[in-house]
Amino acid sequence: MNIIVTGSLGNISRPLTQQLAEKGHTVTVISSNPEKQAAIEAVGAVAAIGSLNDTAFLEKTFTGADAVYCMTPPNYVSAEPPVDYYTRIAGNYAQALGKAGVKRVVYLSSFGAHLDHGTGVILGSHHSEKILNAVPGLSITHIRPTSFYYNLYNFTDMIRHAGFMAACYGENDKVLWVSPLDIADAVAEEIVRTASVPAIRYVTSDERTCNEVAAVLGKAIGKPDLAWRLIPGDVMREQLETHGVPGPMAAALVELYDSLHSGALAEDFYRNPPATTGKVKIEDFAREFAAVFAKSN
């Protein structure tokens with residue numbers, strides 16, 4: 001198959017590209033960074049250098065593709081409201097996919113995308129799904145991963161300087177965690193599927209309380225008493241803004257974390273759980289976390 005992968009060589013797109021190339025597919029990877037071209041070619045893919053803001057570039061790149069994997073890169077430092085950013089990129093994808101005549105798409109969405117309010121950043125995924133669903137003749141699967149393990153790296157400075165983890169979700173809140181490797185496996189399966197295509201596929205790797213996560217990470221980094229405290233949302237927002245997160249993004253993240261704490265974000269996941277759980281567990285991630293933590297000393 002002729003497959004287009006967005007997301008450059010990111011946490012999901014790199015292992016996805018490697019899998020598809022090893023299986024003999026022709027893979028083109030879109031990146032906005034010309035310096036990535038050699039690395040993209042090194043994993044057996046073709047580099048298409050351009051911007052997701054350029055619909056003419058996207059249309060040209062998508063033309064002739066059997067399938068496209070679409071994702072929206074994180075944009076934490078922009079002053080643009082997160083939902084506006086997500087819907088704008090989804091609109092660019094929709095326009096280019098329609099004009100290029102693409103028939104099969106796998107889109108990286110998120111759990112919680114079933115909700116039309118109260119999810120902060122994830123609301124962008126809700127609107128993006130609707131925008132892409134409206135493209136005529138498109139067979140689309142929305143991959144809805146749970147909370148990414150690598151978001152836990154955001155706690156490294158706090159652990160080092162304060163000696164604990166803290167957010168407006170924590171303690172005994174149960175959280176569904178996922179590895180990008182398990183997401184890549186799911187996308188690789190779906191992007192070549194031509195029959196019985198699911199509209200939505202949830203992906204998760206493990207389920208633990210925040211206290212359990214803190215215990216596993218603490219053991220891995222030599223801090224066995226590490227705790228994950230629950231703090232008010234306004235305190236969380238103030239901390240984010242103090243560390244340079246723009247106001248609209250900080251507010252959206254706090255709303256997202258509140259929906260994790262309340263359980264609203266995972267409601268549809270539990271109603272429609274995936275048939276299998278990913279291979280990468282929190283103990284596996286903890287080894288990576290410990291290595292990153294040690295290097296950042």
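How do the residues of the lining of the second largest pocket divide into nonpolar, polar and charged? Seven are nonpolar, five polar and six charged (Ala, Val, Leu, Ile, Met, Phe, Trp, Tyr, Cys and Pro count as nonpolar, Asp, Glu, Lys and Arg as charged, and the others, Gly among them, as polar). This is a predicted model, in which local features need pLDDT of at least 70 and side-chain atom pairs count only at pLDDT 80 or more, while totals for chains, interfaces and linings use all residues. Residues are numbered from 1 along each chain as its sequence is written, and side-chain values use heavy atoms, with hydrogens and water left out.

A pocket here is an open set of points on a 1 Å grid over the protein atoms alone, where a 1.4 Å probe fits, with protein on both sides within 12 Å along at least five of seven lines; lining residues have an atom within 4 Å of a point. Its volume is about 290 Å³, taken as the space filled by probe spheres set on the points, which are joined across faces, edges and corners. Both α7 (180-191) and β10 (200-203) supply at least two residues of the lining. Helices (H or I, at least four residues) and strands (E, at least two) are DSSP runs, numbered from the N terminus.

**The seven-stranded sheet**

Next, follow β10 into an open sheet with parallel pairing and the order β3-β2-β1-β4-β5-β6-β10; strands pair if DSSP finds at least two bridges between them. β3 (46-49) and β10 are its edge strands. Zoom in on β1 (residues 2-5) and β4 (residues 67-70), which pair over three bridges; Val 5 has Tyr 69 as its bridge partner in β4.

**The three-stranded sheet**

Now select β7, β9 and β11, an open sheet in that order with mixed pairing. The edges are β7 (147-148) and β11 (206-209). Two bridges join β7 to β9 (residues 174-178), and these strands run parallel. Ser 147 has Trp 177 as its bridge partner in β9.

The structure holds 15 aromatic pairs (rings of Phe, Tyr and Trp, its six-membered ring, with centres within 6.5 Å; planes under 30 degrees apart count as stacked, over 60 as edge-to-face and the rest as tilted). Trp 177 and Trp 228 form a tilted pair, 6.3 Å centre to centre with 50° between the planes. The two residues are 51 residues apart, Trp 228 lying in strand β12 (residues 228-230).
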